[in-house]
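Subject: Structure handover

Hello,

Here is the structure you will be working with. Please open it alongside this email.

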Amino acid sequence: MKKSLLLALLFAVTSSVKASTTIPVQGAIVSPADPNIQYVGRICFQNPERPRFTFPGTQINACFTGTSIKLWAKPCSGYFMAQIDQAEPFKVALTGERDSVVTLATALPQGNHTLRLMYVIEGYDLKPEFRGLLLDRGASLLPPPALPERTIEFIGNSITCGYGNESIEKTDPFEYATENHYYTYAQIACRALQARAHVVARSGIGVYRSYGGPKTGTPDNVMTTEYEYTNLYDRSEKWDFSRYQPQLVCINLGTNDLSTDNYDASLLKAAYKRFLKQVRGHNPHAKIVFLCGSMLNGKELEIARHTLDDVVDEARKQGDKEVYRFFFSPQTGDIYFGASWHPSLWQHEKMAAELTAYLRSLMQWF
């Protein structure tokens, strides 16, 4: 890495801890509506100058000229991972009540550069907004980088979000500061497979009942309901599924349905069957893979596996031959737990390695 680029990134990492509270009067402000900004994920553009999003894994990418770049977002939007050119990614925080501008890089070598920005937490409570980029005076955006041709959708719960994966204490509570979707099995597998992904995930979500819900289910607060919307926090916009038709859909649910001893396995199976029909209706040409694990064990793990076996086998008998299931190795704690007994960073790496090998063979993505 060139010394000037290293210095720029070290400055960026330091500045991300304490963001600026004012918009600089000098430089070029790039509107979120600029056609050279590339977006990946479920993003609401009802106000094109204030794109809104909820889900981890949402990406904002751009190529730019000049020696510096800043991110402008709504205060308290949360955490991002940023990568400049091919340098090591780093975490960016907008956590203060007045923090709205973060310096991502400065003192870069003159020339063309690439920014890749990923939202890495679930923004259900924070309601993040992207408000633009700030460049050097006279600098501009260039056509964005090419997106990978391989496309995946991940549907999941806290495991897919990355709940607590930056903690190594299983007794730690949930904190946005220790959730990092960039280092989840889903994104590690995407990078290994050279694929891009849309992510629809929220902690606590289930198929027929969310965490701690009654035995009869929580029909207004499950993935079968939330899957239809662009944002979780207001349901103001139905998602237009024609905007993204993945080649592969991976569904990692069921943990919350079975997480407390107050469940009905028959209701879970019926909900899985309805959800498969729902996902298939929106993605008629995709391969669909049901994932299981890695937090379940014992009786609940066996129920989950048998349920998915039945759902997949019945779907195939009814003519849907592109439905599959994949079981992660259950976590044992030998490579630590994250917060609240969730997978650690090392467990996510193990899960990613297992899933990557399976998907590479299934999709012939060599």
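This is a predicted model: local features need pLDDT of at least 70, side-chain atom pairs count only at pLDDT 80 or more; totals for chains, interfaces and linings use all residues.

Helix α6

Helix α6 covers residues 298–317. Its 20 residues, at 1.5 Å a residue, should span 28 Å, and the end C-alpha atoms are 29 Å apart, so the two values agree. The buried residues in α6 are E300, L301, I303, A304, T307, L308, V311, V312 and A315. They lie on the same side of α6, because the arc they cover around the axis is only 160 degrees. The packing partners of these buried residues are α5 (265–282), β16 (287–292) and β17. On the face turned away from the buried side, α6 carries K299 and K317, which are exposed. After α6 comes G319, with a positive phi near 110 degrees.

Helix α3

Helix α3 is made of residues 185–193, and its buried residues include Y185, A186, Q187 and A189. C190 and L193 in α3 are buried too. Q194 follows α3 and has a positive phi, near 55 degrees.

H342

H342 is found in the loop between β17 (323–327) and α7 (345–363). Its relative accessible area is 8%, and since buried means under 20%, H342 counts as buried. What does H342 touch, leaving aside its neighbours within four places in sequence? The contacts are S158, Y163, M295, Q331 and F337.

Aromatic rings

The structure contains 16 aromatic pairs. One of them joins Y163 and F174: the centres are 4.9 Å apart and the planes are at 50 degrees, which makes the pair tilted. Y163 and F174 are 11 residues apart, and both sit in the loop between α2 (158–161) and α3. Is each of these two residues buried or partly exposed? Y163 has a relative accessibility of 13% and therefore counts as buried, whereas F174, at 31%, counts as partly exposed. Y163 is also among the contacts of H342 listed above.

Ring pairs also connect F154, Y185, F326, F328 and Y358 into a cluster. Y185 is one of the buried residues of α3.

Two arginines sit over rings. R42 lies over the face of Y227, 4.9 Å from the ring centre. R50 has its charged end over the ring of W72, at 5.4 Å from the centre of that ring.

Regards

Note on methods. Residues are numbered from 1 along each chain as its sequence is written. Side-chain values use heavy atoms; hydrogens and water are left out. Helices (H or I, at least four residues) and strands (E, at least two) are DSSP runs, numbered from the N terminus. Buried means under 20% relative accessible area, exposed over 50%, partly exposed in between (1.4 Å probe, protein chains only). Contact means heavy atoms within 4.5 Å. The expected span of a helix is 1.5 Å times one less than its number of residues. The arc is that of the directions from the helix axis to the C-beta atoms. Rings of Phe, Tyr and Trp (its six-membered ring) pair if their centres lie within 6.5 Å; planes under 30 degrees apart count as stacked, over 60 as edge-to-face and the rest as tilted. A charge sits over a ring if NZ of Lys or CZ of Arg is within 6 Å of the ring centre and within 35 degrees of the ring normal.
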